[in-house]
Amino acid sequence: MMQIRNALAPMAAAALVLGLAACSKEPAEPAAQETGTALPQPAPSSAAATGPAVMPTAIPGALQGRWGLVDADCTSTRGDAKGLLTISGDTLTFYESVAKLATIRSGSPSSFDGEFAFTGEGQSWNLDVALTSPDGGKTLIRKDTGPDAMPGPLTYTKCP
């Protein structure tokens, strides 16, 4: 008789859990004792672990400085460095134009995307400019988008 009671006790407990689950408005999760194994817990997402992305307030320091399309852009003393790009926290300065940061779209320590208001040679225009440095600040890739954008990206080298 004792053996029958011991054999029926786990089944009675399972029936009680299932009966209570049937009365509940929420679907019941299988109990760990029913299968003998614990249910796997979902891993926290990387976004939750790192928190929300922080929007930059300026062009990242790693992208600032003097950049040349060719070596001579960095060394010219005659003012004819047509491929020289100088980047500060909110300005892109070219040979014959200047672009002021208007709207920040996204950014990280090695990339930045924003809308810039350009002026130069008596004209004004707006472009979205994406800046990235894939190698820790040795090169800079600039990609413009918008009606007046140059086709394709431009690759600059950091001036010494």
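Predicted model: local features only at pLDDT ≥ 70, side-chain atom pairs only at ≥ 80, totals over all residues.

Visitor: What percentage of the residues of the protein count as buried?
Guide: A residue is called buried when its relative accessible area is under 20%. The protein has 160 residues, and the share that counts as buried is 21%.

Visitor: Of the contacts in the protein with a separation of 6 or more, what share comes from residues 24 or more positions apart?
Guide: Contact here means heavy atoms within 4.5 Å. Among contacts with a separation of 6 or more, residues 24 or more positions apart account for 34%.

Visitor: Which cysteines form a disulfide, and how far apart are their sulfur atoms?
Guide: The cut-off for a disulfide is a pair of cysteine sulfur atoms within 2.5 Å, and the count by this rule is one. The pair is Cys74 and Cys159, with the sulfur atoms 1.9 Å apart.

Visitor: Is the link of Cys74 and Cys159 left-handed or right-handed?
Guide: Both Cys74 and Cys159 are buried. The angle about their S-S bond is -70 degrees, and the link is left-handed.

Visitor: How many bridges join β5 to β6, and which residue of their hairpin takes a positive phi?
Guide: Strands β5 (residues 111-120) and β6 (residues 123-132) run antiparallel and are joined by 10 bridges. Asp113 stands opposite Ala130 in β6. The hairpin has two residues between the strands, and the residue with a positive phi, near 50 degrees, is Glu121.

Visitor: Which residue takes a positive phi in the hairpin of β6 and β7?
Guide: β6 pairs with strand β7 (residues 139-145) in the antiparallel sense over five bridges, and Leu131 stands opposite Arg142 in β7. Six residues lie between the strands of this hairpin, and the one with a positive phi, near 75 degrees, is Gly136.

Visitor: Which element gives the largest share of the lining of the largest pocket?
Guide: The largest pocket holds about 360 Å³ of space. β5, β6, β7 and β8 are the elements that give two or more residues to its lining. The largest share, three residues, comes from β6.

Visitor: Which lining residues lie nearest the centre of the largest pocket?
Guide: The lining divides into 10 nonpolar, four polar and six charged residues. Of the 20 residues that line the pocket, those nearest its centre are Phe94, Ser97, Trp125, Arg142 and Met150.

Visitor: Why does Ser97 count as buried?
Guide: Ser97 sits in the loop between β3 (91-93) and β4 (98-108). Beyond its neighbours within four places in sequence, Ser97 is in contact with Leu92, Phe118, Thr119, Gly120 and Trp125. The cut-off for buried is under 20%, so Ser97 counts as buried because its relative accessibility is 13%.

Visitor: Why does Ser124 count as exposed?
Guide: Ser124 is found in strand β6. Apart from neighbours within four places in sequence, Ser124 is in contact with Phe118 and Thr119. Exposed means over 50%, so Ser124 counts as exposed because its relative accessibility is 62%.

Conventions: Residues numbered from 1 in each chain as written. Heavy atoms only, no water. Buried < 20%, exposed > 50% of the residue type's maximum accessible area, 1.4 Å probe, protein only. Pairing = 2+ DSSP bridges. Helix = DSSP H or I, 4+ residues; strand = E, 2+ residues; numbered from the N terminus. 1 Å grid on protein atoms, 1.4 Å probe; cavity = no way out; pocket = protein on both sides within 12 Å on 5 of 7 lines; lining within 4 Å. Points joined across faces, edges and corners; volume = space filled by probe spheres on them. Nonpolar A, V, L, I, M, F, W, Y, C, P; charged D, E, K, R; others polar.
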